[in-house]
Amino acid sequence: MNTSLVQLGKMTYYEFRMHWRGRALLVVMLAIAVMNIFSIWIFSSNTLPIELDMTYAAVGLISAPLTLTLAVLLPIIISDTIPKDQQYGVRELLDTLPVPHWVYLGGKLLGMWAGVLLGLFAVMVVNGIFYHFTIGALDLRLYIEMWLVAGAALLVINGSLGVLIPVGQPSRRRAVILMVALFVLPFAFAGQIFDTASLLAYINPIRPAIVLYYIANMGEQVSGNLTAFTSNDVLLTIIAGLIELTLVGVLAWGWLRWKENRA
């Protein structure tokens, strides 16, 4: 077990470095930061033609770029995490080493989590400072809650699915195509996606309850135009997402075992 933990640590560190050596993760974090700064600037200029609840308005505006990027773009961006090993022959090399499959998959996930969390923390601090000097005092409790609930939940669920679902794809291109299809198809069921009476509102990969929760609480006029998901809807969405993640994780591990026995 000690050997496996050492391997897990080294795999995690390697994946963490690989994610930050590439440009994709940096681009995602810069996109979130820039969009949030733009949202704060709009908020500070008082040009929004609606009456907002000031407690939730700033957090709602900031949460929109964060949640949409993590829910849809992140899984697509990191979908090549495992297929690139297959494409470049790294997977065959690892198969010759005594590395358990759970260590391999766990290292991929933990390395991705660490890389994205570092970027999100930096964006959270930068955006918070910009808000403080642009508008004034920020409700830190609500602000940090939004990053922890919306940011961490979407990272763990959708980010992990972006790593695990393409496990059987032989190339990075096919992995990206698969993830684009998976995250575009739910929009064809837009009516059911935003209907809390429908199961699709909780199991679809867009996670509308998490994406819209803080936005819909910005003000009465905004929430009148958006589905008002409650905290219970957010909790149910997280639970459903974790169940999906567990099933996909078991299937990914089983696929690696099957491929090993077939070789």
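Reader: What kinds of residue make up the lining of the second largest pocket, nonpolar, polar or charged?

Author: In this predicted model, the lining of the second largest pocket divides into 11 nonpolar residues, 1 polar and 1 charged (Ala, Val, Leu, Ile, Met, Phe, Trp, Tyr, Cys and Pro count as nonpolar, Asp, Glu, Lys and Arg as charged, and the others, Gly among them, as polar). Rolling a probe the size of a water molecule over the atoms shows where empty space is left. A pocket here is an open set of points on a 1 Å grid over the protein atoms alone where a 1.4 Å probe fits, with protein on both sides within 12 Å along at least five of seven lines, and lining residues have an atom within 4 Å of a point.

Reader: Which residues lie nearest the centre of that second largest pocket, and which helices supply its lining?

Author: Of its 13 lining residues, Leu182, Pro186, Ile203, Asn204 and Pro205 lie nearest the centre, while α8 (172–184), α10 (200–203) and α13 (231–262) each supply at least two residues (helices are DSSP runs of H or I, at least four residues, and strands are runs of E, at least two, numbered from the N terminus). The protein chain as a whole has 13 helices and 0 strands.

Reader: How should I read the largest nonpolar core, and which of its members touch the most others?

Author: In soluble globular proteins, nonpolar side chains tend to be buried together. A nonpolar core is a set of buried Ala, Val, Leu, Ile, Met, Phe, Trp, Tyr and Cys residues joined through side-chain atoms within 4.5 Å; the largest one has 59 residues, among which Val116, Leu120 and Trp147 touch the most other members. Among the elements that give two or more residues to this core are α1, α6 (101–134) and α13, and the largest share, 12 residues, comes from α7. Leaving aside neighbours within four places in sequence, Leu120 is in contact (heavy atoms within 4.5 Å) with Met29, Ile32, Leu66, Leu70 and Trp147.

Reader: Why does His19 count as buried?

Author: His19 counts as buried because its relative accessible area is 10%, and the cut-offs are under 20% for buried, over 50% for exposed and partly exposed in between (1.4 Å probe, protein chains only). His19 lies in α1 (residues 2–21) and, not counting residues up to four places away in sequence, touches Leu25, Ile78, Thr81, Gly111 and Met112. Of the 263 residues of the protein chain, 47% count as buried.

Reader: What conventions apply to the numbering and the values?

Author: Residues are numbered from 1 along each chain as its sequence is written, and side-chain values use heavy atoms, with hydrogens and water left out. Local features need pLDDT of at least 70 and side-chain atom pairs count only at pLDDT 80 or more, whereas totals for chains, interfaces and linings use all residues.
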